[in-house]
Amino acid sequence: MKGERIRIRTHHDTCIGAGRCFLAAPDLFDQSEHDATVVVLADQVTGARLEKAREAVEDCPTRTLYLSEQ
């Protein structure tokens with residue numbers, strides 16, 4: 001849907017710091033210097049960034065990431 005705004009969410013306690021989200025979309029995700037867990041850099045995504053976020057969600061080995069509509 002054009003103009004669709006989706007929020008990136010995490011189940012932070014399940015993150016193992018694999019870094020796949022960061023590799024898939026470094027403009028959307030980073031890793032904590034403390035424990036390597038996910039840091040979400042962009043709360044809301046649309047367009048091409050939404051597609052990258054979806055790729056990261058699908059590639060997460062622990063299903064820590066998820067997307068939700070506002």
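User: In what order do the three strands of the open sheet stand?
Analyst: This is a predicted model, where local features need pLDDT of at least 70, side-chain atom pairs count only at pLDDT 80 or more, and totals for chains, interfaces and linings use all residues. Residues are numbered from 1 along each chain as its sequence is written, and side-chain values use heavy atoms, without hydrogens and water. Strands here are DSSP runs of E with at least two residues, helices are runs of H or I with at least four, and both are numbered from the N terminus. The sheet is open, its pairing is antiparallel, and its order is β4-β1-β5.

User: Which strands stand at the edges?
Analyst: Two strands pair if DSSP finds at least two bridges between them. An edge strand here has a single partner, so one side is left without a neighbour in the sheet. The edges are β4 (44–45) and β5.

User: How many bridges join β1 to β5?
Analyst: Strand β1 covers residues 6–10 and runs antiparallel to β5. In this pairing, T10 stands opposite L65 in β5. The number of bridges is five.

User: Is T64 buried or exposed?
Analyst: T64 sits in the loop between α2 (47–59) and β5 (65–69). Buried means under 20% relative accessible area, exposed over 50%, and partly exposed in between, with a 1.4 Å probe and protein chains only. T64 has 1% relative accessibility, so T64 counts as buried.

User: Which residue's side chain does the side chain of T64 join in a polar contact of 2.7 Å?
Analyst: Contact means heavy atoms within 4.5 Å. Leaving out residues up to four places away in sequence, T64 touches R9, T10, H11, H12, T14, C15 and V38. A polar contact is a pair of N or O atoms within 3.5 Å; within protein, one must be able to donate a hydrogen and the other to accept it, and residues adjacent in sequence count only if both atoms are side-chain atoms. The side chain that T64 joins at 2.7 Å belongs to T14.

User: What is phi of A36 near?
Analyst: A36 lies in the loop between β2 (29–31) and β3 (38–40). At 29% relative accessibility, A36 counts as partly exposed. Its phi is positive, in a residue other than glycine, and is near 70 degrees.

User: What is phi of R63 near?
Analyst: R63 is in the loop between α2 and β5. R63 is not glycine, yet its phi is positive, near 60 degrees.
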